[in-house]
Amino acid sequence: MIKNVMAMLVLASMAMAPAAVAEMKIVVLDPVRAILESDEGKVLVDAANKEMESEQNELRGMAEKIQEQQTKLQKDGEILSDSDKRKIVKEIESMQADLQFGSQKLQKTAQDKRQEILQTLAPKYDTVLKDLIQIDQIDMILAPNSLQYSNDKHDITRRVVEKLNEARD
């Protein structure tokens, strides 16, 4: 909603003052992509992925066990007693619940780690962005997800990534 209002304001200002808009330097920047694609961001993402690797492997193993039980139930369903079928179905349901809980927990952990990476690199990003704003005399920065269309020549995300890589401490 706010993004739509911002876009409407930009369009309205462009329509009302063409000469003023012609002098404005408007660029597009994806801050999350810029941070995560920087060299330091990639290193932190890789480290976070390695931290979560054991949980991912555990969930894969759980999914394989569920698949094995489902296959067993389909293959041996005719020769199994009703109580054995119910037992296998209960095991599958229990494992599915555990898998779903584990997946949600892992997803939350991944989101938390991503947010931590963004917060860690935010000061460096802010410094680089302020420098680019001064050097290029940028008047307005728009997020790509709030635009219906933007020519790639206005996207400075790649340039911010390069500056972040240059600013390594």
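The structure is a predicted model, in which local features need pLDDT of at least 70 and side-chain atom pairs count only at pLDDT 80 or more, while totals for chains, interfaces and linings use all residues. Residues are numbered from 1 along each chain as its sequence is written, and side-chain values use heavy atoms, with hydrogens and water left out.

**Overall architecture**

The secondary structure of the protein chain consists of six helices and two strands, where helices (H or I, at least four residues) and strands (E, at least two) are DSSP runs numbered from the N terminus. Read from the N terminus, these elements follow the order α-α-β-α-α-α-β-α. The protein chain has 169 residues, and 25% of them count as buried; here buried means under 20% relative accessible area, exposed means over 50%, and partly exposed lies in between (1.4 Å probe, protein chains only). Its accessible surface comes to about 12100 Å², with 53% belonging to carbon and sulfur atoms, as given by the Shrake-Rupley method with a 1.4 Å probe, and for residues only the protein chains shown count as cover. Among contacts (heavy atoms within 4.5 Å) with a separation of 6 or more, 83% join residues 24 or more positions apart.

**Helices H4 and H5**

Helix H4 spans residues 39-76 and helix H5 spans residues 82-136, and their axes come within 9 Å and cross at roughly 170°. Such axes are lines fitted to C-alpha atoms, for helices over the stretch in contact, and the angles run from 0 to 180 degrees between N-to-C directions. H4 and H5 are therefore roughly antiparallel to each other, a label used for angles over 145 degrees, whereas those under 35 count as roughly parallel, 65 to 115 as roughly perpendicular and the rest as oblique. The contact of H4 with H5 involves 18 nonpolar, nine polar and ten charged residues; Ala, Val, Leu, Ile, Met, Phe, Trp, Tyr, Cys and Pro count as nonpolar, Asp, Glu, Lys and Arg as charged, and the others, Gly among them, as polar.

Leu-59 lies in helix H4, and apart from residues up to four places away in sequence it touches Leu-99, Gly-102, Ser-103 and Leu-106. The C-alpha atoms of Leu-59 and Leu-106 are separated by 9.3 Å, although the two residues are 47 apart along the chain.

**Helix H6 and what follows**

In helix H6 (residues 157-166), the buried residues are Thr-157, Val-160, Val-161 and Leu-164. Seen down the axis of H6, these residues fall within an arc of 105°, so they line one face of the helix, the arc being that of the directions from the helix axis to the C-beta atoms. Their cover includes strand S1 (26-28), helix H3 (31-37) and H5. Not counting residues up to four places away in sequence, Thr-157 touches Val-28, Leu-29, Asp-30, Arg-33 and Ala-34.

Ala-167 is placed in the segment after H6, where its contacts beyond four places in sequence are Lys-124 and Val-128. Between Ala-167 and Lys-124 the C-alpha to C-alpha distance is 7.7 Å, with 43 residues separating them in sequence.

**Accessibility of single residues**

Gln-137 sits in the loop between H5 and strand S2 (140-142) and has a positive phi of about 50° although it is not a glycine.

| Residue | Relative accessibility and class |
|---|---|
| Thr-157 | 0%, buried |
| Leu-59 | 12%, buried |
| Ala-167 | 29%, partly exposed |
| Gln-137 | 61%, exposed |
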